Amino acid sequence: MNKTAESVWANCLDIIKDIVEWQHFKTWFEPIVPIELKGNILLIQVPSNFFYEYLEQHYVTLLAKTLKRQLGKDAKLEYRIMIDSGNTNGRGHMDLASTQTKSDVSNTLELPMRINRNSELNPFAIPGIKKMQIDPQLNSEDTFDKFVEGDCNRVARRAGKTVAEKPGNNSFNPLFIYGGSGLGKTHLLHAIGNEVKRLHHNKVVLYVSSEKFINQFQYHSRNNQINDFINFYQLVDVLMIDDVQFFNRAEKSQDAFFAIFNHLQQSGKQLILTSDKSPKDLDGLQDRLLSRFRWGLSADIQVPDYETRIEIFEQKMRDEGLVMSPEVVKYVAYNINTNVRELRGALISLLAQSSLNKREIDIDLAKRVLRNIIKTSNKEVTIDTIQRLVCEYFDVPYNRLLEKTRKREIVQARQITMYLSKNFTKNSLKTIGEHFGGRDHTTVIHSCQTVKDLMDTDSIFKENVLELTQKVQLASM
């Protein structure tokens, strides 16, 4: 059967959709139209120049590998950029035959290293040879400058900075970073690695996921090269293993890692590990490994709070050279409250739709674009919702709002809650009072008037009320 542009691209999409996240696939690959196939050259049409630049920056390696599987090692990809009139805006190409690809195309490839071509020595056979180049497998974009610090990650970030400045010569060895998915553990690993390379040019740095480590071990085990495998890792000065919880299904890999860990630790080398759980909560790992994980510092990364999410989103906007209104930024940061990865996904979707639709990113576009990511239906705000927001804002336990106390901070929090409940809900004054320990409607009236008076005379108090008003407005969107 003769290949066509449509059939080749369809086969590529079948592969790509199993690799990239569904949302990114819908955004960046489904809009592409295959135009023409000439020999080993596939011509595709993309909606805009921004669209092409994003593909080239983020997915050119994936496109290269995928197309080569369909058209051979000399495959090339040409693109056509659309403009408003529907005519082409020039024709360029990405030469996939010359595209650099990483060494992790397959789990059975060699270890991530590049040997000096002037040397014919086997670095595995002579472990003492250290003048070899090892690809650190780092993302150069992930740096400390782009890692926003907040209460959720302050200890982990500052410990990472200390480790990067004095790798192996600090109290945090190993540094064990743990937290949920999408909170920035991998970013922090790459930031540490990049900082080590910047400050210590001669240090051998290596980042590797636990799954890749396991796959490499299994491959070398099948080929009776376990000693070579262990010797290689023992040459590293700063070893970073991501997601060590996956070692729980690989007993023999744990044995190899134990040998590597001991050698590096005793040699004054630095180990940095991440996991979705703290060492004490990990299951299926050898006790001797778990005890070593606790030798240094365990630092957790938590879900960022609202203010930190705003900073993170603004940082990602700066990375993309994008400006959005504060209204949109706050809307996204308030509603996407689970992890950092979803914040980036929201930004990508907004960028793509803004480019495709040729329109500014406003609150209406944000609501429409993000409706599949967050719940954007208008909802009636409740007294309970306002009570929760105020309690979080002032760090006041919910039950204290209901108590009969004269403490100023509690009284003001309760008064503000009543004021907001009157302004943002349809409840009667009597109902509002009942939500505060059975107080009557005159108490609610007095509280609302007190809040108004204080806003006129106390600028800090007014700022607090305005911030809480904005939070309630966001909660109702």
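Reply: Happy to! Let's start with Pro174, which lies in the loop between helix H5 (154-165) and strand E5 (175-179). Helices (H or I, at least four residues) and strands (E, at least two) are DSSP runs numbered from the N terminus. The model is predicted, with local features needing pLDDT of at least 70 and side-chain atom pairs counting only at pLDDT 80 or more, while totals for chains, interfaces and linings use all residues. Residues are numbered from 1 along each chain as its sequence is written, and side-chain values use heavy atoms, leaving out hydrogens and water.

What kind of peptide bond joins Asn173 and Pro174? The bond is cis, with an omega of about 5 degrees. That deserves a second look because most peptide bonds are trans, just as most residues other than glycine have a negative phi.

Asn224 has a phi near 55 degrees, a positive value although the residue is not glycine. You will find Asn224 in the loop between helix H7 (210-222) and helix H8 (226-233). With a relative accessibility of 74%, Asn224 counts as exposed (buried is under 20% relative accessible area, exposed is over 50% and partly exposed is in between, using a 1.4 Å probe and protein chains only). Asp395 also has a positive phi, near 55 degrees, and sits in the loop between helix H15 (383-394) and helix H16 (398-402). Asp395 is exposed too, at 68% relative accessible area.

Helix H15 leads us on to helix packing. H15 packs with helix H17 (residues 408-424) at an angle of about 145 degrees, and their axes are 9 Å apart. Here an axis is a line fitted to C-alpha atoms, for helices over the stretch in contact, and angles run from 0 to 180 degrees between N-to-C directions. On the H15 side, the contact (heavy atoms within 4.5 Å) is made by Ile383, Ile386, Gln387, Val390 and Phe394. H17 brings Ala413, Ile416, Thr417, Leu420, Ser421 and Phe424. By class, that gives eight nonpolar, three polar and no charged residues (Ala, Val, Leu, Ile, Met, Phe, Trp, Tyr, Cys and Pro are nonpolar, Asp, Glu, Lys and Arg are charged, and the others, Gly among them, are polar).

Now try helix H11 (residues 306-319) and helix H13 (residues 340-357), whose axes come within 10 Å and cross at roughly 45 degrees. Arg309, Ile312, Phe313, Lys316 and Met317 of H11 meet Val340, Leu343, Arg344, Leu347 and Leu350 of H13. This contact has seven nonpolar, no polar and three charged residues.

Finally, step back to the whole chain. It has 20 helices and nine strands, and 48% of its 477 residues count as buried. Among contacts between residues at least 6 apart in sequence, 72% join residues at least 24 apart.
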